[in-house]
Amino acid sequence: MKQWCIVVLNGLSHFLFCRLNSDMDIEYLPSYEMAWGTLGTIRPFLNFHAKRDALNIQAALEQKDVLTLIKILTNRSNAQRQIIAQTFKTITEKELSSGLKKALSGELENLLLALLMTPLQFEAYRLRQSMEGIGTDEEGLLEILCTRSPKVLANITSTYKEQYNKDLETDLKGETSGDFAKLVLALLKKKKVLGMVQRDTEALSEAINQAKADPGPWITILTTRDSEHLNKVFVNLESEKQETVDEAIEKAFSGDVRLGLKTLVRCVQSPNLYLAQRLETMKSATVQGVMVSHSEEDLLCVRVTYLRQTGTSLYTALQKQFKGDHLQALLAICRSED
């Protein structure tokens with residue numbers, strides 16, 4: 001089942017139509033055309049001048065002019081920020097990231113450094129952060145593994161190797177165990193395989209009808225079928241069980257594998273709703289992760305879903321939770337009130 005999202009900007013003057021699948025890949029209507037056509041909140045700056053931006057950033061770093069840093073870095077696309085960073089290095093013979101680390105601190109530093117990474121570098125970084133320190137952030141791992149397509153995950157794996165000189169699959173094996181480890185690795189290497197709706201429905205039903213539920217068929221089917229197929233399977237299963245798929249998983253499984261399967265189902269059913277619910281936690285790392293990762297992809301759709309889900313716009317919710325320059329940077333990425 002495809003997810004349709006209609007975003008209204010500036011009253012009735014602009015409309016965006018998008019269709020999203022479970023891997024968060026965007027499909028535009030063939031007839032849709034707009035100069036800045038994107039479902040992200042950050043778009044290429046039309047009057048872009050890399051040298052001017054680099055010089056302004058250099059002056060801002062010397063004067064600790066945080067607002068100028070925020071204004072420039074949140075108003076340029078990622079590709080433009082990469083050019084700025086390279087131009088800055090050419091002019092100053094220093095890394096822009098090093099300059100930001102000296103001038104800033106705390107969450108604002110983390111946020112602006114995140115904006116300097118390429119999208120693949122940032123996702124690799126987030127996976128690494130989810131596995132560092134005491135304990136593993138299973139929800140952080142699942143967000144990326146469940147929402148990214150096989151192609152993107154393969155590119156993230158390569159980038160992870162380049163950045164950390166470590167193998168992502170090996171690190172995931174070391175941080176997880178049991179059935180959850182099987183699910184995580186299946187997600188990392190997920191692929192699309194044709195299946196029959198009725199046969200898959202029966203397999204999932206049989207797996208949870210046993211005295212001890214078997215997560216194997218659930219892992220295999222949920223990581224090898226497309227979202228349209230899976231949503232048909234879910235409809236059949238819910239009709240048979242007279243309960244939601246989420247409720248069925250809650251009863252049948254436990255621990256991290258239950259969390260993983262429930263997360264995957266939510267991403268299949270509505271990726272925008274899943275990401276909106278991640279934002280609802282208002283945890284700084286989670287909010288920054290989702291907003292930066294999706295700022296040039298589909299954050300407008302996530303914003304609309306957040307408003308529908310909570311009754312409060314994301315722009316307003318951020319103002320209730322965060323403050324100071326960090327808040328200003330988050331609002332700049334969010335872009336506007338809904």
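Helices are DSSP runs of at least four residues, numbered from the N terminus. In the predicted model examined here, Ala203 has its place in helix 11, which spans residues 197-209. When residues up to four places away in sequence are not counted, Ala203 touches Pro217 and Ile221.

The secondary structure of the protein as a whole comes to 20 helices and three strands. Of the 338 residues in the protein, 49% are buried. Among the contacts with a separation of 6 or more, 68% are accounted for by residues 24 or more positions apart.

In soluble globular proteins, nonpolar side chains tend to be buried together. The largest nonpolar core of the present model holds 91 residues, and the members that touch the most others are Leu100, Trp218, Leu222 and Leu318. The surroundings of Trp218 can be described in some detail. Leaving aside neighbours within four places in sequence, Trp218 is in contact with Leu204, Ala207, Ile208, Leu237, Val245, Ile249, Phe253 and Leu261.

Aromatic pairs were also examined. A search of the whole structure finds three of them. In one of these, the ring centres of Phe122 and Tyr125 are 6.3 Å apart and the planes meet at 20 degrees, so the pair is stacked. Phe122 and Tyr125 both belong to helix 6 and lie three residues apart, about one turn of the helix. Phe122 is buried, with a relative accessible area of 5%, whereas Tyr125 is partly exposed, with a relative accessible area of 27%. In the pair formed by Trp218 and Phe253, the ring centres are 6.1 Å apart and the planes stand at 75 degrees, so this pair is edge-to-face. Trp218 lies in helix 12 (residues 215-222) and Phe253 in the loop between helix 14 (245-252) and helix 15 (255-269), so the pair ties together parts that are 35 residues apart in sequence. Both Trp218 and Phe253 are buried.

The largest pocket contains about 430 Å³ of space. The lining of this pocket comprises 22 residues, of which Arg126, Gln129, Asp137, Ala285 and Thr286 are the closest to the centre. At least two lining residues are supplied by each of helix 5 (106-116), helix 6 (119-131), helix 7 (138-147) and helix 17. Sorted by class, the lining of the largest pocket has seven nonpolar, eight polar and seven charged residues.

Two residues other than glycine were noted for positive phi values. For Met282, phi is near 55 degrees. Met282 has its place in the loop between helix 16 (271-280) and helix 17 (284-294), and this residue is buried, with a relative accessible area of 10%. For Arg335, phi is near 90 degrees, again a positive value in a residue other than glycine. Arg335 is placed in the segment after helix 20 (324-334). At 27% relative accessibility, Arg335 counts as partly exposed.

Thr157 is found in helix 8 (residues 150-164) and, at 23% relative accessibility, counts as partly exposed. The C-alpha atoms of Thr157 and Gln121 are separated by 9.9 Å, while the two residues are 36 residues apart along the chain. Leaving aside neighbours within four places in sequence, Thr157 is in contact with Leu168 and Leu188. Arg308 lies in helix 18 (residues 299-310) and, with 62% relative accessibility, counts as exposed. From C-alpha to C-alpha, Arg308 and Ala276 are 9.6 Å apart in space, and they are 32 residues apart in sequence.

Terms used: Residues are numbered from 1 along each chain as its sequence is written. This is a predicted model: local features need pLDDT of at least 70, side-chain atom pairs count only at pLDDT 80 or more; totals for chains, interfaces and linings use all residues. Side-chain values use heavy atoms; hydrogens and water are left out. Buried means under 20% relative accessible area, exposed over 50%, partly exposed in between (1.4 Å probe, protein chains only). On a 1 Å grid over the protein atoms alone, a cavity is a set of points where a 1.4 Å probe fits but cannot get out, and a pocket is an open set with protein on both sides within 12 Å along at least five of seven lines; lining residues have an atom within 4 Å of a point. Grid points are joined across faces, edges and corners, and a volume is the space filled by probe spheres set on the points. Ala, Val, Leu, Ile, Met, Phe, Trp, Tyr, Cys and Pro count as nonpolar, Asp, Glu, Lys and Arg as charged, and the others, Gly among them, as polar. A nonpolar core is a set of buried Ala, Val, Leu, Ile, Met, Phe, Trp, Tyr and Cys residues joined through side-chain atoms within 4.5 Å. Contact means heavy atoms within 4.5 Å. Rings of Phe, Tyr and Trp (its six-membered ring) pair if their centres lie within 6.5 Å; planes under 30 degrees apart count as stacked, over 60 as edge-to-face and the rest as tilted.
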